[in-house]
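This report describes selected surface and packing features of one protein chain. The structure is shown first, and the discussion follows.

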Amino acid sequence: MPCTPSRPVPSPPRSSRLSIRAHPAELGVWARTAQRHGHTTTADYVRSLLQEQAMTEQQTSALGPELRLLRQELSRIGNNLNQLAHAAHCGEAVRCGDVLDAIEATKDRTDRLLRYLPLPRRRRLLSQAEAQMADPVLH
């Protein structure tokens, strides 16, 4: 059987709309802020802010940038794991040590970050993570 790269599973289309009225100057500031924080669009930035607020239930958060960095790092680790699994499936020799070290370091950073959350929020976040792990979505 030939080895072919796997394709990412597309996310469901967004069919609902949220509108916000703003001055052109406000939109410019938001767009520049989104870019500065690594987002490709203002909509993506606003979506991530709203998701962060829903997840942490905090009005303002210094955790946002750290959570985004952790999310990016986990995404890179996941990509590495997928590449290693694909190579192993194709019969190639694989070295997993670096990826396992990155997973351990990311787990430690996540643990440190969670210690800064108040206990009720920490429990809620951990229960949400456990629910997601019970029904993982593989990309």
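## Second largest pocket

In this predicted model, the lining of the second largest pocket draws at least two residues from helix 1 and at least two from helix 2. Helix 2 provides the largest share of that lining, namely five residues.

## Nonpolar surface patch

A nonpolar patch on the surface is formed by L18, I20, L27, V29, W30 and L50, which together have about 590 Å² of accessible area. Three residues of the patch come from helix 1 (residues 24–36), and this is the largest share.

L27, a member of the patch, is located in helix 1. The relative accessibility of L27 is 43%, so this residue counts as partly exposed, a class that lies between the buried limit of 20% and the exposed limit of 50%.

Y45 belongs to helix 2, which spans residues 42–56. Because its relative accessible area is 11%, under the 20% cut-off, Y45 is classed as buried.

Beyond residues up to four places away in sequence, Y45 is in contact with W30, T33, A34, H37 and H39.

Definitions and conventions: Residues are numbered from 1 along each chain as its sequence is written. This is a predicted model: local features need pLDDT of at least 70, side-chain atom pairs count only at pLDDT 80 or more; totals for chains, interfaces and linings use all residues. Side-chain values use heavy atoms; hydrogens and water are left out. Patches are made of residues with over 30% relative accessible area and no salt bridge: like charges are joined within 9 Å, nonpolar side chains (Val, Leu, Ile, Met, Phe, Trp, Tyr) within 5 Å. Accessible areas come from the Shrake-Rupley method with a 1.4 Å probe; for residues, only the protein chains shown count as cover. A salt bridge is a side-chain nitrogen of Lys or Arg within 4 Å of a carboxyl oxygen of Asp or Glu. Helices (H or I, at least four residues) and strands (E, at least two) are DSSP runs, numbered from the N terminus. Buried means under 20% relative accessible area, exposed over 50%, partly exposed in between (1.4 Å probe, protein chains only). Contact means heavy atoms within 4.5 Å.
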